[in-house]
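Me: I'd like to go through this model with you, a bit at a time. Here it is.

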Amino acid sequence: MLVAQDSLTVARFFRIVLDGHPVSRSAILEQVAAQADIQNARGAFDPTVKASYDVKQESSKDKFNNLDASVEMPLATMFGPRISAGYDRNIGSNTNPEGATPTAGYGFAGIKLPVWQNVLTDRRRTAMDKAELRPAIANAIQAQEQNTLLRSAGQQYWSWAEAFAQLRIAQNVFDLAVQRSDFIARRAKAGEIAPLDSIEALQEIERRRGDVLRAQRALEQAGIDLNVFSWTSTGDPLAITQNPQAIIADNLPRLDSARVRAERQAALQVRPELQRIELNAQSINFDINLAREAQKPMVETEFKWLQSVDGNAPSSYKVGLNVSYPIFVRSATAQTELLSINLDRIALQRTQTQRVVLADVDNAISALQRASDRIRAAERETYYAVQMEVGERKRFEAGETSLLFVNLRERAAAEARVRLVGAQADYLRAYITYRWAIGTIRDLAQ
């Protein structure tokens, strides 16, 4: 399609909408929020430093003098181990012999490792898994909001282009009436025709002037509504000053049946609404796995290796085992059941949404087919109307008919052209809806 340099194409307009519209910019912020969620989840695996110092003196002697300092870090791996290292010194006359250390204290390194519950996952790893889904969910939210925005913007763009084309038609018919009025006025002044014809020509000018004014108002309204979607990249309102892309029948986008069948099925994977449902299902599955882990007994082993700082005492180690298990595990069981119910609801929501998506595609295809049929009918009507217009004008110039019939033929031809433009604009609006329905409307901004 040949486009004038000062015209605004639909692709360029879509880029303006995506770059500056508040809804689009707000959708982009979802990615920032997703990265913040990931950082928050990673914070659960940050090392933790602990330190305590207790001392009691009596008669210038230490009853106890205890210093404990350690750093512990959980690992995001299978079993969810927690490793630690630190320094421990417990001296004094009242210190428990079991916890007493050499005067210089012990340095130690240890590990805590669950061997039943929390082996496959735990709260930290589940939160991390869910956070890692957030960028994909953010992409789906962004796509859904931008797709809906572009659908509305695209519909308004072609309404604007339609109003522009209709004003051109009204202006051309008006200009024709002005030219004929001048011609008739000269002939009436020369006495070749009756003065009444001159008055009729002036009446037709005013009739068509009114049509031009109505078309101009329609274009102004369409332009104002279009500017609602137009913003600068810094978030300031942007007024469109260019003309729209021309509507040319020979360059309307065409769809073949094989392509439609393929894109109809692909819509079930491409549409962001369905992507969000799948991602939500994955998130619930993570919670179900965590709830199932909570139904297992909590068994945790601990190993700590100790070495005296001054090297005067031999190294040693400690081994421990902690076991706990709620007898009825009702809370974890109920949580698993509730999450399973939510998963069933999502399955039902997926089925419903799939049907809605296919209905959206079918409706758009139907609109395209009927608009295409209307275009062919309007093209034939316009062809015949133009033939009648040209023939009637020749008869008028030969003095075989009246000005009234010429005006009627010209109006009929103009109305046919308007209906043709309307059918073409409806086709383009249906195409915008089709690209939205199959989830690829943002590709039109390329």
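Me: Start with T336: what is it in contact with, beyond its neighbours within four places in sequence?
Reply: Leaving those neighbours aside, T336 is in contact with A291, R292 and Q295. This is a predicted model, and T336 itself lies in helix 7.

Me: Which of its contacts is polar, side chain to side chain?
Reply: The one with Q295: the side chains of T336 and Q295 make a polar contact at 3.5 Å.

Me: And is T336 buried or exposed?
Reply: T336 has a relative accessible area of 9%, which is under the 20% cut-off, so T336 counts as buried.

Me: What about helix 6, how many residues does it have?
Reply: Helix 6 has 23 residues, 272-294. From first C-alpha to last, helix 6 reaches 33 Å, close to the 33 Å expected at 1.5 Å a residue.

Me: Which residues of helix 6 are buried?
Reply: P272, E273, L274, I277, L279, A281, S283, I284, I288, L290, A291 and E293. One of these, A291, is also in contact with T336.

Me: What covers them?
Reply: The cover for the buried residues of helix 6 includes helix 3 (123-189), helix 5 (257-270) and helix 7 (330-397).

Me: Back to helix 7. What span should its residues give, and what does the model have?
Reply: The 68 residues of helix 7 should span 100 Å at 1.5 Å a residue. The end C-alpha atoms of helix 7 are 98 Å apart, which agrees.

Me: What comes just after helix 7?
Reply: G399, which takes a positive phi of about 80°.

Me: There's another glycine, G391. Where does it lie, and how accessible is it?
Reply: G391 lies in helix 7. Its relative accessibility is 29%, so G391 counts as partly exposed, a class that runs between 20% and 50%.

Me: How far is G391 from F229?
Reply: Their C-alpha atoms are separated by 46 Å, and the two residues are 162 apart along the chain.

Me: Changing topic: how many aromatic pairs are there?
Reply: The count comes to six aromatic pairs. One of them is F13 with F14, a tilted pair at 6.5 Å centre to centre, with 40° between the planes.

Me: Are F13 and F14 buried or exposed?
Reply: F13 is buried, with a relative accessible area of 0%. F14 also counts as buried, at 0%.

Me: And Y157 with W160, what sort of pair is that?
Reply: Edge-to-face, at 5.7 Å centre to centre and 70° between the planes. Both Y157 and W160 lie in helix 3, three residues apart, about one turn of the helix.

Me: Why does that spacing matter for residues in a helix?
Reply: An α-helix has 3.6 residues a turn, so residues three or four places apart point the same way.

Me: How accessible are Y157 and W160?
Reply: Y157 counts as buried at 0% relative accessibility, and W160 is buried with a relative accessible area of 6%.

Me: Which residues form the aromatic cluster?
Reply: F13, F14, Y157, W158 and W160 form one cluster.

Me: Where do R151 and R254 lie?
Reply: R151 lies over the face of W436, at 4.0 Å from the ring centre. R254 lies over the face of Y427, at 5.4 Å from the ring centre.

Me: Last one: what are the pLDDT scores like?
Reply: The protein averages 91, and 98% of the residues score at least 70. Over residues 1-5 pLDDT stays under 50, and there the model has seven contacts beyond four places in sequence.

Note on methods
Residues numbered from 1 in each chain as written. Heavy atoms only, no water. Helix = DSSP H or I, 4+ residues; strand = E, 2+ residues; numbered from the N terminus. Expected span 1.5 Å × (residues − 1). Buried < 20%, exposed > 50% of the residue type's maximum accessible area, 1.4 Å probe, protein only. Contact = heavy atoms within 4.5 Å. Polar contact = N/O pair within 3.5 Å; in protein donor to acceptor, adjacent residues only side chain to side chain. Phe/Tyr/Trp six-rings, centres within 6.5 Å; stacked < 30°, edge-to-face > 60°. Lys NZ or Arg CZ within 6 Å of the ring centre and 35° of its normal. pLDDT = per-residue confidence, 0-100.
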